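Q: How do I read helices, their packing and burial in a model? Please go step by step.

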Amino acid sequence: MSIRSLTRTPLRLALGLSLAACAGAAQATSITMYRDPNCGCCLAWLDHADDHFAKGDETVASKTIDSENIAAVKAANGVPADLVSCHTAIVDGMVIEGHVPAADVERLLAERPEGITGLAVAGMPLGSPGMEMGARRQAFQVIAFGPDKRMVWASYPAS
């Protein structure tokens, strides 16, 4: 082995470790939530999402936008009429309608299935994130949707 290769090896190792550290660094999750300014459960859902995504070294960049015409926000983001709820969030480019558990959002962001643009929990089911009422919970489903596709993403039983 030459002297030249011996001096380059530590440099290559240091560069490789630096790149690996950058690649492993946590990314900030971006959440923009559109809501009716008179609705308080929306803020409770955002607290749930912020707490979930702030685990470990990950940071969360969240903001709320009060909208007097929330129906237009939903339509502009392709939320099907039968899946609407009280707020619409954009999380790292994906549409999240209503009280979707943050763990389901995290899975969506990791998998990003083809043809799916978002998740929705229709209405405001008791016991869903932001709609907690002690241990009581209504059964609800998380629906994955896209322009030409829809499927059950997760199901939660009643308590």
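A: Start with length. The expected span of a helix is 1.5 Å times one less than its number of residues. Helices (H or I, at least four residues) and strands (E, at least two) are DSSP runs, numbered from the N terminus. Here α2 has 13 residues and reaches 19 Å from its first C-alpha to its last, close to the expected 18 Å. This is a predicted model: local features need pLDDT of at least 70, side-chain atom pairs count only at pLDDT 80 or more, and totals for chains, interfaces and linings use all residues. Residues are numbered from 1 along each chain as its sequence is written, and side-chain values use heavy atoms, with hydrogens and water left out.

Q: Which residues of α2 are buried?

A: Buried means under 20% relative accessible area (1.4 Å probe, protein chains only). In α2 these are C41, C42, W45, L46, A49, D50 and F53. They pack against β1 (29-35), β2 (60-66), β3 (87-91), β4 (94-97) and α4.

Q: How do α2 and α4 cross?

A: Two packed helices are described by the angle between their axes and the distance between the axes. Axes are lines fitted to C-alpha atoms over the stretch in contact, and angles run from 0 to 180 degrees between N-to-C directions. The axes of α2 (residues 41-53) and α4 (residues 102-111) come within 9 Å and cross at roughly 55°.

Technical notes
Buried means under 20% relative accessible area, exposed over 50%, partly exposed in between (1.4 Å probe, protein chains only). Contact means heavy atoms within 4.5 Å.
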